[in-house]
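Let's take a friendly walk through this structure, a few spots at a time. Keep the viewer open as you read.

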Amino acid sequence: MSELPTTPSSDANPLRQMLLAREATLGENMLIRRLLPHRQRRMIGAWCFFDHAGPADVSQGPGVRVGPHPHTGLQTFSWMVDGEILHRDSLGYEQLLQKGQVNLMTAGRGIAHSEESPAQRSDVLQLAQFWIALPQDKRFIEPAFEHYPELPRLTHQNALLTVLVGEFMAQRSPVVVYSDLVGVDITTTQPTQLDLPLNPRFEYGLAVLTGHAQADGQDLTPGSLLYFSPGQSHLTLNITEASQIILIGGAPFNENIFLYWNFVERNKAEVLESIRLWHETDHFGVVKNYDGPPLAAPKLT
């Protein structure tokens, strides 16, 4: 959660910027690393939130349980690295998300959803979850949900690249977004060197989920995000062991947003109205079949 307004990036920012995650534990053993938003870097393109959850042992107990809660003005993008999560929303969708799949929920003017571990599940869970800010002309669109069981993949210099969002190395993801973005999962089973093309109009973030890598002499381990400002056309990545790495990028988002709890708005007054709508009306709809109460919004003063 961020209580501060974000600002767009600019070419005046440092060419390289290492950001360290804020860590928290969900339940008994689920480590959450929050890489975005960061006090030094609020967004990368339209990417305004990046959580890395796990890997965690969910073989015992209830696993993950996140009760019904609202969203506005964004798309939630969930990339399942290991295990399973069950999604339910107020549009009536109920979708099991499994390893190598994506759930994309477009909140638009407002939607509610829940997330939980299914009763029958793998022992280990690991998830990368992102929020994508919707531009002004799209932020009040009707809510929607899409499940993507398969994404385009290619092998490059001993690495398996999965194109999560946008176009990369002549492969295009089917995921529908409303800003100029790219997202790539990079998985290796052995040490390798990768030479990757970059769009010089984009700013980028590079994060290791598991393993270890170096980018232009910078060490990358889980819990860190390396930012690249626009103007670069390639990246050399030295991966020193079996690793899984996420590359995200996009054209700088030239709108100020106000991110609070699960809302992406433009000012405090809009956030307060969204909180009121969640607590006092049926604007966000009802999430059915979740065994538990909805979440209450934290007070914004």
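Alanine 170 is exposed, with a relative accessible area of 68%. This is a predicted model, and in it alanine 170 has a positive phi of about 70° although it is not a glycine. To find alanine 170, look in the loop between β15 (167–168) and β16.

Asparagine 289 sits in the segment after α1 and is exposed, with a relative accessible area of 62%. As background, most residues other than glycine have a negative phi, and most peptide bonds are trans.

## Two cis peptide bonds

Where does the chain place its cis bond from leucine 36 to proline 37? Proline 37 lies in the loop between β3 (30–36) and β4 (47–57), and omega for this bond is near -5°.

Another cis peptide bond joins glycine 54 and proline 55, with omega about 0°. Proline 55 belongs to strand β4.

## The seven-stranded sheet

An open sheet of 7 strands runs in the order β2-β3-β4-β11-β6-β9-β12, with antiparallel pairing. At its edges stand β2 (22–26) and β12 (144–148); each has a single partner strand, so one side of each is left without a neighbour in the sheet. On average, neighbouring strands here are turned by 15° against each other, direction ignored.

Inside this sheet, strand β6 (residues 74–82) and strand β9 (residues 102–106) pair in the antiparallel sense over 5 bridges. Threonine 76 stands opposite methionine 105 in β9.

## Nonpolar cores

Which residues have the most contacts inside the largest nonpolar core? They are Phe50, Phe77, Trp79 and Val175, in a core of 43 residues. Strand β11 (residues 124–133) gives the most to this core, with 5 residues. A second, separate core has 25 residues, among them Ala159, Leu161, Leu206 and Ile245.

Leaving aside residues up to four places away in sequence, phenylalanine 77 touches Val102, Asn103, Leu104, Ala128, Gln129, Phe130, Ile132, Leu164, Val165 and Val175. Ring pairs also link Phe77 with Trp47, Phe50 and Phe130 into a cluster.

Now turn to valine 177, in the loop between β16 (171–172) and β17 (181–188). With residues up to four places away in sequence not counted, valine 177 touches Gln75, Ile132 and Val165. Valine 177 and threonine 106 are 71 residues apart in sequence and 9.0 Å apart in space, C-alpha to C-alpha.

## Aromatic rings

The structure holds 10 aromatic pairs. In one of them, the rings of phenylalanine 263 and phenylalanine 284 have centres 6.3 Å apart and planes at 35°, so the pair is tilted. This pair links distant parts of the chain, 21 residues apart: phenylalanine 263 is in strand β26 (residues 263–265), while phenylalanine 284 is in the segment after α1 (268–280). Are phenylalanine 263 and phenylalanine 284 buried or exposed? Both are buried.

Phenylalanine 284 also forms an aromatic pair with tryptophan 278, this one edge-to-face, at 5.8 Å centre to centre and 80° between the planes. Tryptophan 278 is buried, as is phenylalanine 284. Elsewhere, arginine 41 lies over the face of tyrosine 227, at 3.7 Å from the ring centre.

Definitions and conventions. Residues are numbered from 1 along each chain as its sequence is written. This is a predicted model: local features need pLDDT of at least 70, side-chain atom pairs count only at pLDDT 80 or more; totals for chains, interfaces and linings use all residues. Side-chain values use heavy atoms; hydrogens and water are left out. Two strands pair if DSSP finds at least two bridges between them. Helices (H or I, at least four residues) and strands (E, at least two) are DSSP runs, numbered from the N terminus. Axes are lines fitted to C-alpha atoms, for helices over the stretch in contact, and angles run from 0 to 180 degrees between N-to-C directions. Rings of Phe, Tyr and Trp (its six-membered ring) pair if their centres lie within 6.5 Å; planes under 30 degrees apart count as stacked, over 60 as edge-to-face and the rest as tilted. Buried means under 20% relative accessible area, exposed over 50%, partly exposed in between (1.4 Å probe, protein chains only). A charge sits over a ring if NZ of Lys or CZ of Arg is within 6 Å of the ring centre and within 35 degrees of the ring normal. A nonpolar core is a set of buried Ala, Val, Leu, Ile, Met, Phe, Trp, Tyr and Cys residues joined through side-chain atoms within 4.5 Å. Contact means heavy atoms within 4.5 Å.
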